[in-house]
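Please consult the sequence and the structure shown here while reading.

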Amino acid sequence: MSFAVRDPATGEVLDEVFDAGPDDGIAALDAAVAAQEAWAATPPKERADVLRRAREGMLARIEEFALLITREMGKPLAESRAEVNYAADFLQWFAEEAVRISGEYRMSPGGDFRIVTTRQPVGPCLLISPWNFPLAMIARKVGPALAAGCTAVVKPAEDTPLSCLLLAEVLTGAGLPPGVLTVLPTSRPAPLVERLLADPRLRKLSFTGSTQVGRTLLAQAAGNVLRTSMELGGNAPFLVFADADLDAAIDGALLAKLRNGGQSCVAANRFLVEEAVAEEFAARLADRMSRVRLAPGTDPGAELGPMINSRQLDRVARLVDDAVARGARVLTGGQASGPFFPATVLADVPGSALIHQEEIFGPVAPISVFKGEESALALANDTPFGLVAYLYTGDLGRAVRVSERLEAGMVGLNRGLVSNAAAPFGGVKASGLGREGGFEGISEYLSTKYLALGLT
Ligand code: NAD
């Protein structure tokens, strides 16, 4: 059995890939279990060398990777190249971390024995990724899993399995032993994943995707008390105070809104602007957004590609229509054309609009006005999500006060981009559990073993 992968800009079939079912999932887990002990015992430097060679192999084929990402996901080629570099950064970072896995040696408080800790790989992992960053979200999981000494079964999103399959090829070329990592594309994820989560040999689930699916998988993972990492949805506020550098805030807003066509968990979802500068901010943002060039991602001048599929396109259109029906004004954009949704700015968006409650996942910037710090914080935190928040202010005291009280795992202070392989990425509230990247990232794949060392 196979299924078709299509170019979202044209609908053209790019490839037919193997359509894995639950039995294939178990076969991949058999291989991961068989390979686990030897991979865990492989010297950290050798594991690091595999990741380092894979990074080089990926960068040597950057154009091939970038074109594949653009063709299966739709983003402009320049953004796909940036994604390949971002993915390569994770392989490098975790190659460097592989050799730094450490433990402790302490005297017990009574002095009668020693407390010794080591950190061991958790075991075979299931890594599930979304379509929006089809390479980087996989590298962010595969890098630390392999560095920690875990084997893995990887399930890419059904819209975008091709760049993940190419990464697996590169890892094999870099010397990854058979069975350590298996990629399972499938058009029917639910039965395959449920079967794997029910198998007690699986020891870890790392999921990036929607909060709705994350909740279902957390419930399924409870059966075997699996270690879980959950990178889920966001609803990022983008706060602009009247004392902010407005030029910087507009640049940051464009980046936080339009990177990846707004199809990002860290996309700015609600622009909250202090009354005194709200009109100017809206007019300037609308001016810049109205000049963004819509085109297929393979077009050299493209700044904004197509939406991934008609379901996403309809969702964005529904959110815009709802906001307009409740009194929002369209300053630019607002209407889909074919598979494209233009960069859109909505002003006077009321708090009751659905667009304030749901993740937009598209290039739409809804703007609302606040008066003063308390009201800004109340609006910003009025969501079940807590992935990232952006804050623009020129007042240091306010920057500290507001950053501390924002309910988010990450804060971009006078900066519209937070993602970096060296930083801990993740959320609070319904945005997830755990962190990816940074020093924290590898810990998600390690468990601490404590040895009580007697002295007699
Ligand atoms: P999604 O939840 O629909 O799918 C994510 C993955 O889960 C895909 O691989 C899909 O095949 C699989 N899946 C879907 N239903 C499943 C089920 N019933 N059982 C098992 N697996 C299932 O999300 P998406 O539309 O691919 O991605 C968009 C979402 O991902 C957004 O909510 C976005 O915020 C989130 N995301 C979060 C982060 C983060 O780091 N926090 C990063 C990127 C995307």
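A residue is called buried when its relative accessible area is under 20%. By this criterion Phe-238 is buried, and Tyr-392 is buried as well. The model under discussion is predicted.

A pair of aromatic rings is described by the distance of the centres and the angle of the planes.

| Pair | Centre to centre | Angle between planes | Arrangement |
|---|---|---|---|
| Phe-238 and Phe-271 | 4.9 Å | 40° | tilted |
| Phe-238 and Tyr-392 | 5.2 Å | 20° | stacked |

The pair of Phe-238 and Tyr-392 counts as stacked because its planes are 20° apart, under the cut-off of 30 degrees.

Each of these pairs links distant parts of the chain. Phe-238 belongs to strand 10 (residues 236–240), while Phe-271 belongs to strand 11 (residues 268–274), and the two residues are 33 residues apart. Tyr-392 lies in strand 16 (residues 388–392), with 154 residues separating Tyr-392 from Phe-238 in strand 10. Phe-271, like Phe-238, is buried.

One aromatic cluster is formed by Phe-238, Phe-271, Phe-281, Tyr-390 and Tyr-392.

Charged side chains are the remaining topic. Arg-140 lies over the face of Phe-425, at 4.1 Å from the ring centre. Tyr-445 has Lys-204 over its face, at 4.8 Å from the ring centre.

Technical notes:
Residues numbered from 1 in each chain as written. Predicted model: local features only at pLDDT ≥ 70, side-chain atom pairs only at ≥ 80, totals over all residues. Heavy atoms only, no water. Phe/Tyr/Trp six-rings, centres within 6.5 Å; stacked < 30°, edge-to-face > 60°. Helix = DSSP H or I, 4+ residues; strand = E, 2+ residues; numbered from the N terminus. Buried < 20%, exposed > 50% of the residue type's maximum accessible area, 1.4 Å probe, protein only. Lys NZ or Arg CZ within 6 Å of the ring centre and 35° of its normal.
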